[in-house]
Amino acid sequence: MNLVDIYFKMKKDVQYIEDELEKSIDTEVRELYQSSTHLLKAGGKRIRPVFVLLGGKWGDYDVKRLKHVAVPLELIHMATLVHDDVIDDADKRRGRETVRTKWDNKIAMYAGDYIFARALAIVAQLPIPQLHRILAHAMVEVCKGEIEQVKDLNNWEQNFRTYLRRIKRKTALLIAISCQMGAVASGAPQSIVSKMYWYGYNVGMAFQITDDILDFTGTEKQLGKPAGSDLLNGNITLPALYTAHHGRFRDRFQSWIADNTFWDHVDEAIQLVRKDDGIAYSQALAERYIARARSVLADLPDNQAKTSLLGIADFIIERKF
């Protein structure tokens, strides 16, 4: 089952969440509304809300209840992107001008803060303390991940473990709790709640590693931003890290780093990463995470939710955008 089939089967509920997303950030303050909905209107895969809905299939499924989790998690994701674009001085996101470009950094920061605040207000409508504890812990970890990324900009001394911890906090954790919180909100058994977390964690790790591969191998049309943006912004991801420390072009990278001239050669470096073994190494690691995600689901009953979760895992490892 491919992603189109999965979304088609959930079309009514996914559209319901989409409508609720826009309602959730409505405000009479015109500029705040326009800046806050700018990224929302650019579209997106809405993978986190879909994971919430699929997590909710393991208990008492009610989309009107699950919206209090699905909408906030997508809003939190959006807010982090708005803030990231300020930090990265990014001009494009999803093929459109970023909020900071269309308005300015101050508006972008407050728009991101507003989206965060609305997310918390919505999830608070579900009187389930476990949900609030999960989300609070995740937000602390996400902030740590963002700070770690800023700290490690242009840092070629970071190791693979540092990279993996950072992407866990920045990406995998939010996907993990999307699955987990959907199960919690539906009253699923704790054994299922745990499995949903670990499925989401492994899928989330693979998702970010694949993103980091696509940043080198994709086109601007596919990515909605210039290829190689991560390295141009000083964000050193796994494919580049592999080339710098273990790849066939290691000596050239190390020479540039030692001479403090790497950024004079960054366009050439992007081309070398594309040719090197770090892409295949990263792909193999992503595939291992997907294998773990699939194994988490192995002993669950065969049903439509399980089929969809397996299908999304396949999409993540094969996707080109």
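Is Trp198 buried, partly exposed or exposed? With a relative accessibility of 43%, Trp198 counts as partly exposed. The legends below take this residue and others in turn.

**About the model.** This model is predicted; local features need pLDDT of at least 70, side-chain atom pairs count only at pLDDT 80 or more, and totals for chains, interfaces and linings use all residues. Residues are numbered from 1 along each chain as its sequence is written, and side-chain values use heavy atoms, with hydrogens and water left out.

**View 1. Helix α10 and Trp198.** Trp198 sits in helix α10. Helices are DSSP runs of H or I with at least four residues, and strands are runs of E with at least two; both are numbered from the N terminus. Helix α10 covers residues 190-217. Its 28 residues should span 40 Å at 1.5 Å a residue, and the end C-alpha atoms are 40 Å apart, which agrees. The expected span is 1.5 Å times one less than the number of residues. Helix α10 is mostly covered, with 21 of its 28 residues buried. Buried means under 20% relative accessible area, exposed means over 50%, and partly exposed lies in between (1.4 Å probe, protein chains only). The areas come from the Shrake-Rupley method. From Trp198 to His38 the C-alpha distance is 33 Å, and the two are 160 residues apart in sequence.

**View 2. A patch of negative charge on the surface.** Asp19, Glu22, Asp26 and Glu28 gather in this patch. A patch takes residues with over 30% relative accessible area and no salt bridge; like charges are joined within 9 Å, and nonpolar side chains (Val, Leu, Ile, Met, Phe, Trp, Tyr) within 5 Å. Asp and Glu count as negative, Lys and Arg as positive, while His and the chain ends are not counted. Each charge is placed at CG of Asp, CD of Glu, NZ of Lys or CZ of Arg. Asp26 lies in the loop between α2 (11-24) and α3 (30-38). Asp26 counts as exposed because its relative accessibility is 52%.

View 3. Side chains of opposite charge can pair when their charged atoms come close. Here a salt bridge is a side-chain nitrogen of Lys or Arg within 4 Å of a carboxyl oxygen of Asp or Glu. By this rule the count comes to 19 salt bridges. One of them joins Arg46 and Glu18, at 2.8 Å from N to O. Arg46 is in the loop between α3 and α4 (47-56) and Glu18 is in helix α2, so the pair ties together parts 28 residues apart in sequence. Arg46 is buried at 6% relative accessibility. Glu18 is partly exposed at 25%.

**View 4. The salt bridge of Arg100 and Asp91.** The side chains of Arg100 and Asp91 meet at 3.3 Å, N to O. Arg100 counts as buried, at 16% relative accessibility. Asp91 counts as partly exposed, at 48%.

**View 5. The salt bridge of Asp276 and Arg248.** These side chains meet at 3.5 Å, N to O. The pair links distant parts of the chain, 28 residues apart: Asp276 is in the loop between α15 (266-275) and α16 (278-297), and Arg248 in the loop between α13 (238-245) and α14 (250-258). Asp276 is buried, with a relative accessible area of 5%. Arg248 is exposed, with 52%.

**View 6. A network of salt bridges.** Glu141, Lys144, Glu148, Arg165 and Arg169 are linked in this network.

View 7. Asn154 is not a glycine, yet its phi is near 65 degrees. Asn154 lies in the loop between α8 (129-151) and α9 (160-185). At 43% relative accessibility, Asn154 is partly exposed. Asn260 is not a glycine either, and its phi is about 60 degrees. Asn260 lies in the loop between α14 and α15. Its relative accessible area is 70%, so Asn260 is exposed.

**View 8. Tyr110 in helix α7.** Helix α7 runs over residues 105-123 and holds Tyr110. Tyr110 is exposed, with a relative accessible area of 59%. Tyr110 and Ile209 are 99 residues apart in sequence and 30 Å apart in space, C-alpha to C-alpha.

**View 9. Ser24 in helix α2.** Ser24 belongs to helix α2. Its relative accessible area is 6%, so Ser24 is buried. Ser24 and Lys170 are 146 residues apart in sequence, with 24 Å between their C-alpha atoms.

Conventions. Accessible areas come from the Shrake-Rupley method with a 1.4 Å probe; for residues, only the protein chains shown count as cover.
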